[in-house]
Amino acid sequence: MTATLTEAMTTTDASSRGRGGPTRRRAASVLRPRKSVAFTILMAIFVVYALVPLLWLVINATKTQAGLFSSFGLWFSDDFVIFQNIWETLTYDDGIFLRWLGNTLLYVVVGAGGATLLATLAGYGLAKFRFAGRRAIFAVVLGAIAVPGTALAVPTFLMFSQLGLTNTPWAIIIPSLISPFGLYLIWVYAVDSVPTELLEAARMDGAGEFRTFFTISIRLLAPGIVTVLLFTVVATWNNYFLPLIMLSDPTWYPLTVGLNQWNAQATGVSAQPIYNLVITGSLLTIIPIVVAFLGLQRFWQSGLSAGSVKQ
Amino acid sequence: MSSSRSALRRTLTIAATAALAIGGLAACSPSAAGGGGAAGDPADLDAALEKGGELTYWSWTPSAEAQVAAFEEAYPNVDVELVNAGTNTEEYTKLQNAIKAGSGAPDVVQIEYYALPQFAMSDSLVDLSQYGLDELEDDYSASTWGAVNVDGKLVGLPQDSGPMALFYNQTVFDQFGIAVPETWDQYVEAARQLQAADPTKFITADTGDAGFTTSMIWQAGGRPFSIDGTDVAIDLADEGVQKWTGVWDQLISEGLLSDTPGWSDEWYQGLGDGSIATLVIGAWMPGVLESSVPDGAGHWRVAPMPTYDGTPVAAENGGGGQSVTSQSKNPALAAAFLRWLNNDPASIDVFLESGGFPATTAELDDPEFVGAESEYFGGQKINEVLTQASKDVSTGWSYLPYQVYANSIFGDTVGQAYANRTPLADGLADWQAQLVEYGDEQGFTVSE
Amino acid sequence: MTTLSRSRSEWKGLAFTAPFLIVFLLVFVAPVVYSVYLSLFREQMVGGNAFVGLENYAELVVDAQFWEGFLRVLLFLVIQVPVMLVLALVAALAIDSARLHASGFFRIAIFLPYAVPAVVAVLMWGFIYGDQFGLVANLNDWLGASVFAPFSRDWILVSIGNIVTWEFVGYNMLIFYSALKVVPGDLYEAAELDGAGAFRVIRAIKLQALRGAIVIATIFSIIGSFQLFNEPNILRTLAPNIITTFFTPNMYAYNLSFSGQQYNASATVAIVMGVITAVIAYVVQLRGSRKEER
């Protein structure tokens, strides 16, 4: 079960597989079926479901607050003010949005980067070295993800505040450094993709373990590492609950918490609804992660040739 | 690589420190926030302003930024860091967390009247009478001064107030020939008339809001909560409560209320297009209408809150002030800033300009303020109505020492009566039961 | 592992694993331990802190609000998880079937919602769900009747389920799809020589290959359902009476601590939910891998 998943996570491009191979005899078969229009239309409905809300977001980011309510949701209103909305989003409250964007980038680079590094080191260590308590570590790590994170927030908050870490970027970054799923992926992946013979050969040459890791193993692990990076980037970019608890000063907010605060300020005595900025801000929040996604997707495909070496 | 390595090392250092700290943590829970700080007197405040220092101030009021800037200009030695830690309950959660943790609370914090007893109870706020601020009593309206005095301690200074009034859409009323209701019976009648004439229009939107309900009970003469030290009494079925449910049950059971949740995008839209014809709400609402419901301009008017028997009486709805926390390292300076913030005319002017409704008698009695014509309200002198409402607020109200929690479970209990169109009394009984249970659990002596 | 002495191997292995373990201890193990500790005490606003043994657990067992929330996520889980996984499976098989035009586009398009932060997704769907000015209102107008009321008691779980499905169907699809990619080509060739049809290939080869991925996806979806929080919590402003403070166990735990300062009761809920989730996940994994062996 385990090996399949790692393979699964790192293998996305059909063209690089040897499937079909040289035996392409008939036009339509299990191996090379005919393209089906009906099938394509069926899947197109699926795609509509996936994309309509995003389309809604793009369209409504072009509207004024008044236009939001007075026009059909999936078409443009009379005013086309997307550039004004973007400008207002970026400059509202002395440009706090850009600050949030910067914070999010910081959390992603240090948090997701660090999580990937720690998971890679540990997964590799668990896969390639025998030491006492290896199995126990695995059980504890998997058990830990079953405990609801929201409910751990209070104890974590109290501990961090004792350490003076609350309301600092560390309160967000340190918990982000742990990716149990990433550890698991790298562990399973390293078992197959880094040949033990290769490590032994390196040891005979007198290379230190860490040098071997950083010069040889890390390349063999690349597809797995990229996959883990992708998931940790998404996780930190979307991180909401922890920053909500840990931070009281908006200057350290990530985008998600900031946007929710904008949405919440429509309430009560000094209410100031800015729904148009919430929508435009949401769009701007999504764009970088979507771009990163598409970028990393290509990376996977190139990482794949590295992965196929082992076969 | 080197930078990420040093980052890693730093992380490891922190982690190691943490590991040591966890051991200690299990043994002792965080110490409670300290007492009221050192005793002081009025002279200390001027000295503190002269000496200067740094303060942190949590507020979500739009005027806060301009007020802080004006303050720093007047007192260059003081540096105030303004933080918007979230709107109402979000801020309270963070304040509560900081209190629980024993650090991280600001020096000065915005707290609404309903939440004050909760924070005062846990000795988290400084008693300002030690700095002589209790002498400012005459500067504030009676109801707001009552709200910042909790259990014999002055735990804040009022910033704004929310005496309730009836905001109504004149255009809609004219269109259907509805007269402005003066009693609640007329209000119910108007609701029926409006629905019969146009089913898309509702007299008001109410899906159950704790602040609204408690204010309505307040106006009806109900006094469901009383506190005496750690003794709490709860009676959500007293005479006043029954007067209010008698009126409101009719609106709920006949489906005369719009089920658009308050403060949602659709609610704002409803206020603009006339589908929500009235609001019974605090005097701070004109500022919100002007800035956020542009389509309503010219249509809205203000009238006194309807009554049960024709005798004018109002209640407070929303509003709050600022307090000094016990965690403040410089309470004298914090109190001095607070005195300026909510008592100095320069600061109050800034506050009024942003659309706030004052708590200070100087403004409430100022002919210029009272006589100001509002363009949004079709030239009506709305402050004549609103300042009168401020004088009509009935006295003797108090909130629970755990009102923030109480309001959070309002939807679970009374909200169910709204959702199911069942009698409010059932929902209120359920609310009361849970509040009694909670009070007992928290160590209060609760009587019903 | 012949050339490396056992003790050296231990030392090196630990050196690789240590950074992860140290942070893990701090952010996972310590809070769990602290939660267990908290769950044995009761702190009051009046009267301070006292050791109460297992009293908090005894109270939770008879706490109707907790069980209502628990049954709700269980119902959610039983319906939403299979629907989402079947949709993901169908999409993965379709894209893998090579019968699609532009399959690369489909793959990316369906995966894309996963990139949308939950907060943004819920805000967005919240606007769309508006039955007066949202898309749902347009839909109802078009149908000429108020068919959909996303924030009503009857619909709210469907509304939340739809958001969760939208967010995660692409993610699960990718897990399945990628598992299909590692099926060795010669297996298909053998099937073709046998004259197997498309559906037999799906049953005999593809679903076999997917078993591991399905087990993992199921476990993660179960954990996700039990921890349901962001979606109902953010939607709450739009459906205040329908989504109660104890709508899901996780919301209950959150509100106990952050609205009610009942940190001890909250920690108890966390521990109990953690144990239940771990047990169910373990059972699913056990069953899944046992089938695999057969």
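In the predicted model, eight residues of domain 1 of chain A are in contact with seven residues of domain 2 of chain A. Helix 2 (37-60) and helix 3 of chain A each supply at least two residues of the domain 1 side. Helix 2 of chain A gives the largest share, three residues. By class, this side of domain 1 of chain A holds four nonpolar, three polar and one charged residues. The domain assignment places domain 1 of chain A at 35-80 and domain 2 of chain A at 84-309. Their C-alpha centres lie 30 Å apart.

Chain B is also assigned two domains, each built from two segments of the chain. Domain 1 of chain B covers 42-161 and 318-365. Domain 2 of chain B covers 164-315 and 378-446. The centres of these domains, taken over C-alpha atoms, are separated by 28 Å. Their contact involves 20 residues from domain 1 of chain B and 21 residues from domain 2 of chain B. On the domain 1 side, the elements that give two or more residues are helix 4 (89-101), helix 5 (116-121) and helix 6 (142-148) of chain B. The residues of this side divide into eight nonpolar, 10 polar and two charged.

Chain B also contains an open sheet of three strands. The strand order is 12-7-13, and the pairing is antiparallel. Strand 12 (278-282) and strand 13 (300-304) of chain B form the edges, each pairing on one side only. From one strand to the next, the twist averages 30 degrees. Strand 7 (residues 164-169) of chain B is joined to strand 13 of chain B by five bridges. One bridge pairs L166(B) with A303(B) of strand 13 of chain B.

Between chains A and B, 28 residues of chain A are in contact with 40 residues of chain B. Four helices of chain A give two or more residues to the chain A side: helix 3 (65-70), helix 6 (149-162), helix 7 (170-176) and helix 13 (255-264). Helix 6 of chain A gives the most, with five residues. The chain A side has 16 nonpolar, 11 polar and one charged residues.

Chain C meets chain A through 92 residues of chain C and 91 residues of chain A. Helix 1 (residues 6-38) of chain C gives the most to the chain C side, with 20 residues. That side of chain C has 62 nonpolar, 22 polar and eight charged residues.

One helix pair between these chains joins helix 13 of chain A to helix 5 (residues 118-129) of chain C. The two pack at an angle of about 30 degrees, with their axes 9 Å apart. Angles under 35 degrees count as roughly parallel, which makes helix 13 of chain A roughly parallel to helix 5 of chain C. Helix 13 of chain A contributes T256(A), L259(A), N260(A) and N263(A) to the contact. Helix 5 of chain C contributes V119(C), V120(C) and L123(C). By class, this contact has four nonpolar, three polar and no charged residues.

Within chain C, the axes of helix 4 (residues 103-111) and helix 7 (residues 156-181) come within 7 Å. They cross at roughly 135 degrees, and the two helices are therefore oblique to each other. R107(C), I110(C) and F111(C) represent helix 4 of chain C in the contact. On helix 7 of chain C, they meet V169(C), G170(C), M173(C), L174(C) and Y177(C). The contact has six nonpolar, one polar and one charged residues.

An unreviewed UniProt entry places the feature "transmembrane region" at residues 14-37, 70-93, 105-128, 155-177, 209-229 and 263-284 of chain C. Two of these spans were examined in the model. Residues 155-177 of chain C are 96% helix and 0% strand, with end C-alpha atoms 32 Å apart. Residues 209-229 of chain C are 86% helix and 0% strand. The end C-alpha atoms of residues 209-229 lie 33 Å apart.

How values were computed. Residues are numbered from 1 along each chain as its sequence is written. Chains are lettered from A and ligands numbered from 1 in the order in which they are written. This is a predicted model: local features need pLDDT of at least 70, side-chain atom pairs count only at pLDDT 80 or more; totals for chains, interfaces and linings use all residues. Two residues are in contact if their C-beta atoms, placed from the backbone, lie within 7 Å. Ala, Val, Leu, Ile, Met, Phe, Trp, Tyr, Cys and Pro count as nonpolar, Asp, Glu, Lys and Arg as charged, and the others, Gly among them, as polar. Domain bounds come from an automatic or database domain assignment. UniProt positions are given in the numbering used here, feature names are shortened, and annotations may be inferred rather than shown by experiment. Two strands pair if DSSP finds at least two bridges between them. Axes are lines fitted to C-alpha atoms, for helices over the stretch in contact, and angles run from 0 to 180 degrees between N-to-C directions. Angles under 35 degrees count as roughly parallel, over 145 as roughly antiparallel, 65 to 115 as roughly perpendicular and the rest as oblique.
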